[in-house]
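Subject: Structure handover

Hello,

Here is the structure I said I would pass on. My notes on what was found in it follow below.

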There are 2 protein chains.
Amino acid sequence: MKKELAACTVHITGLGLMGGSLAMALRGKVARLTAEDIAPDVLDAALAQGVIDAVGEAAKADVVVLAIPTHLIIDLVPVLKVRPGALVIDLGSTKTRICDALDRLPPDVLAVGGHPMCGLAENGYRHAIPTLYDGARFVLCETRRTTDGARALAEALARAAGAQPLWMDRARQDHLTALTSHLPHLLSFALMRLAMDGAAEDTALYELAAGGFDGATRLARTDAAMIVGMFSTNADQIRQMTGQLRAHLDRLESLLDAPGDLDAELCHIVEARRAYTAAYGERLIT
Amino acid sequence: MKKELAACTVHITGLGLMGGSLAMALRGKVARLTAEDIAPDVLDAALAQGVIDAVGEAAKADVVVLAIPTHLIIDLVPVLKVRPGALVIDLGSTKTRICDALDRLPPDVLAVGGHPMCGLAENGYRHAIPTLYDGARFVLCETRRTTDGARALAEALARAAGAQPLWMDRARQDHLTALTSHLPHLLSFALMRLAMDGAAEDTALYELAAGGFDGATRLARTDAAMIVGMFSTNADQIRQMTGQLRAHLDRLESLLDAPGDLDAELCHIVEARRAYTAAYGERLIT
């Protein structure tokens, strides 16, 4: 029989922005919080602040949260030591390859893939905040190790963090996230890379950059390790989206000299963007 | 002999976000502020709020500020009526074609091209704020109608608005701005257009979108008329930048499956982006 979340020991592997913020949000809502991290000073800080109860290990927990870069989750899952009946959930931004790995966990282990749709441009425990998950969608993906009890516990974890659980098939999540998250990151990096060329040619470039440029390149401030995990584990979907984006760029470029047609096309897009804001609000990544 | 700015009647053609914010910033710093706009309710509001002294016409002013979309400035300049000795300055985001038009003004008229590097995602007088220009670079371009007096008056206007004047050749400004402003806008529109396709296929797409997507598409909220002016008057430079961006996208895409090389490339970009923030601060367009 599954424990309630409030009676569980929750262990977080990786106390960065996502794991650290989760720990802060779960304080007082679970029986015991433990964590491990490659940075001893992060664990010291979390202990000193009372964010975690102890430095611990996955093998002693009821719920194990994998909060490390996506490609590292894929490497870790096959060698993960957890006790029978424990629930493993991850926070990686791509789900197909992670859920494929979770499928192969021992039959007595429970597992759900997870992807909370929140973040900041900066990473690391020192940027962690207890409100990071508030109101965010928390995608949950079934695996072969997902029972009814695992579903309930994963939903309880998402809600305890402040987020809204949203069940979704792993392939669909990766297809949609390639557009909503991975491609924006790729564009941000490509634009910043181009600006580096531009600034090398003419140092006045950065003098002329303002809020539009800053916003368009903000995602290129994110830690490279996290982005490598994101890109390398969803490469096919990202390439497909980039191809489609190029087609829209082609079309817009072909209209640059045709103000009438360009205006009609842009008005159509502005209308959709404003309707989106009206329906979902506007979230700033600061 | 040129008047000091404080003794001038300043007339603003177009009381939108940029013109309206300029009027607010200039209140009390010039002898008289007049404006014209295609929207009578905007003029009524500006009069009622004391932002302008009167609805007026360019022909009676010492300084005429053209604060309408770029392509409309190019249409207006050849038929503009101003008095001898008056200074014409514009706020359009591309400068080559506007300055070419300003070059052809009557020899007794003064003219400087202008491009303040500030803005908001939303346009229109109702979003105007007196602090919009604070600390922004205000690009100024010489024309054949730029005298020493015109230079001094244009600089005084930029400073009175709260901005820092930055003299620059028209072609160089358009080359640099194609990268720092126009391309980010184009990418934002292309990404939002792609999202419209994606959401039409799967309505969950917008549910999964979060801060990264919102930031990457925020510029696609801008009024289409302004963007048409921006794109259509700098099309060649924008195409050149888009071509260079595609090359960087190609390269990043080729690395998606090579985590080691990808990490090295992304780290290099993240480092540059963080150095940029450290040097210039971070400006959010809200």
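In helix 11 of chain A, the residues A:P259, A:L262, A:D263, A:L266, A:C267 and A:V270 meet B:A224, B:A225, B:I227, B:V228, B:F231 and B:S232 of helix 9 of chain B. Contact here means that the C-beta atoms of two residues, placed from the backbone, lie within 7 Å. By class, this contact has 10 nonpolar, one polar and one charged residues. Ala, Val, Leu, Ile, Met, Phe, Trp, Tyr, Cys and Pro count as nonpolar, Asp, Glu, Lys and Arg as charged, and the others, Gly among them, as polar. Helices (H or I, at least four residues) and strands (E, at least two) are DSSP runs, numbered from the N terminus.

Please note that this is a predicted model, in which local features need pLDDT of at least 70, side-chain atom pairs count only at pLDDT 80 or more, and totals for chains, interfaces and linings use all residues. Residues are numbered from 1 along each chain as its sequence is written, while chains are lettered from A and ligands numbered from 1 in the order in which they are written.

The axes of helix 11 (residues 259–280) of chain A and helix 9 of chain B are 9 Å apart, at an angle of about 135°. Axes are lines fitted to C-alpha atoms, for helices over the stretch in contact, and angles run from 0 to 180 degrees between N-to-C directions. The two helices are therefore oblique to each other; angles under 35 degrees count as roughly parallel, over 145 as roughly antiparallel, 65 to 115 as roughly perpendicular and the rest as oblique.

Helix 6 also takes part in packing between the chains. The axes of helix 6 (residues 170–201) of chain A and helix 6 (residues 170–201) of chain B come within 11 Å and cross at roughly 165°, which means that the two are roughly antiparallel. Among the residues making this contact are A:L187, A:L191 and A:G198 of chain A, and B:L187, B:L191 and B:G198 of chain B. The residues of the contact divide into 15 nonpolar, two polar and no charged.

Within chain B, the axes of helix 6 and helix 10 come within 9 Å and cross at roughly 70°, so these helices are roughly perpendicular to each other. The contact includes B:H175, B:H182 and B:L186 of helix 6 and B:M241 and B:L245 of helix 10. Its classes are seven nonpolar, four polar and one charged.

As for the interface as a whole, 84 residues of chain B are in contact with 84 residues of chain A. Helix 6 of chain B gives the most to the chain B side, with 20 residues. That side divides into 51 nonpolar, 18 polar and 15 charged residues. The copies meet through the same surface, because 100% of the interface residues of chain B are also interface residues in chain A.

A rotation of 180° with 0.0 Å of shift along its axis superposes chain B on chain A, with an RMSD of 0.0 Å. The two copies are thus related as by a two-fold rotation axis. The superposition is by least squares on the C-alpha atoms of residues with pLDDT of at least 70 in both.

Regards
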